[in-house]
Amino acid sequence: MLTGPQISADTVTDSASPNLANNWTETRQRIATVASQWGRLCDSVGLVAISKGHPASAIRALAALGQRDFGENYLQEAGPKLQELQDLKLTWHFTGQLQGNKTRPVAEQFDWVHTLDRERIALRLNEQRPHYAPPLNICVQVSLVPEPGKGGVPPEGVLPLAQRVATLPKLKLRGLMCIPPPRDTFEEQRALFEQLVACQRQLLDAGLAVDTLSMGMSDDLEAAVAAGATWVRIGTAIFGKRQKQ
Ligand SMILES: *Cc1c(COP(=O)(O)O)cnc(C)c1O
């Protein structure tokens, strides 16, 4: 017998539905399973819940379960949500395309940027990061397969940009990120993620202390974890389908 307050139909169809808890648990289970298959500690793989297209109420519900890291792609959408959720002390990851004229809110309100791909934007973020805030954690986005209109530097551009970021005091170079195009098999997915690992090795050889690989989404997180992901970025598998932007 349930003795708690009655749950109305509204509450159940809301984004704080029991599905959210199940999806979150299943996603964490997927990560734990593949991590142990590949001899990795579960704790070495962080989960960023990508909440674009979902309301602040869904983020609040997920935070209540224990999720701390959230990712947003669109500043217009993120602004009011971050404001509304200020009391929760969440860690915010910017995972959208950065525009040169709209860097200030990212520099002021986010903890991580996963999508840096231009020196000019690095300079602006460094300049605009508030003096009281710790350095902004940065991943350089790598375009492993050339795709017009998508962000990222080609592999040969990674080292010079990373070296530049490493000189900027209000930025902290953490590592690399990729969004590879969809592939059908685990092996094909994994081969692409291994290319990001190779880029990371190049930075390590050059003396840059990079500890982060942000790779893997709902459909390819297993291959990403097998290859060495330290952040996976999961939207759909946790929150369900989102409204198209
Ligand atoms: C939307 C998005 C995700 C989440 O993708 P899903 O397939 O919904 O898990 C991850 N990373 C980035 C950069 C995204 O834009």
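**The ligand site and its surroundings in a predicted model**

The shell around the ligand consists of five nonpolar, five polar and three charged residues, where Ala, Val, Leu, Ile, Met, Phe, Trp, Tyr, Cys and Pro count as nonpolar, Asp, Glu, Lys and Arg as charged, and the others, Gly among them, as polar. The model is predicted, so that local features need pLDDT of at least 70 and side-chain atom pairs count only at pLDDT 80 or more, whereas totals for chains, interfaces and linings use all residues. Residues are numbered from 1 along each chain as its sequence is written, and side-chain values use heavy atoms, with hydrogens and water left out.

In total, 13 residues surround the ligand, and the closest are K52, N73, S218, T236 and R242; a residue counts as near if one of its heavy atoms lies within 4 Å of the molecule. A polar side-chain atom of T236 lies 2.5 Å from an oxygen atom of the ligand, and an N or O atom in the side chain of R242 is 2.8 Å from a ligand oxygen atom. For R233, a polar side-chain atom is found 2.8 Å from a nitrogen atom of the ligand.

Elsewhere in the model, the side chains of D87 and R60 are joined by a polar contact of 3.0 Å, a term for a pair of N or O atoms within 3.5 Å in which, within protein, one must be able to donate a hydrogen and the other to accept it, while residues adjacent in sequence count only if both atoms are side-chain atoms. The C-alpha atoms of D87 and D111, which are 24 residues apart along the chain, are separated by 16 Å.
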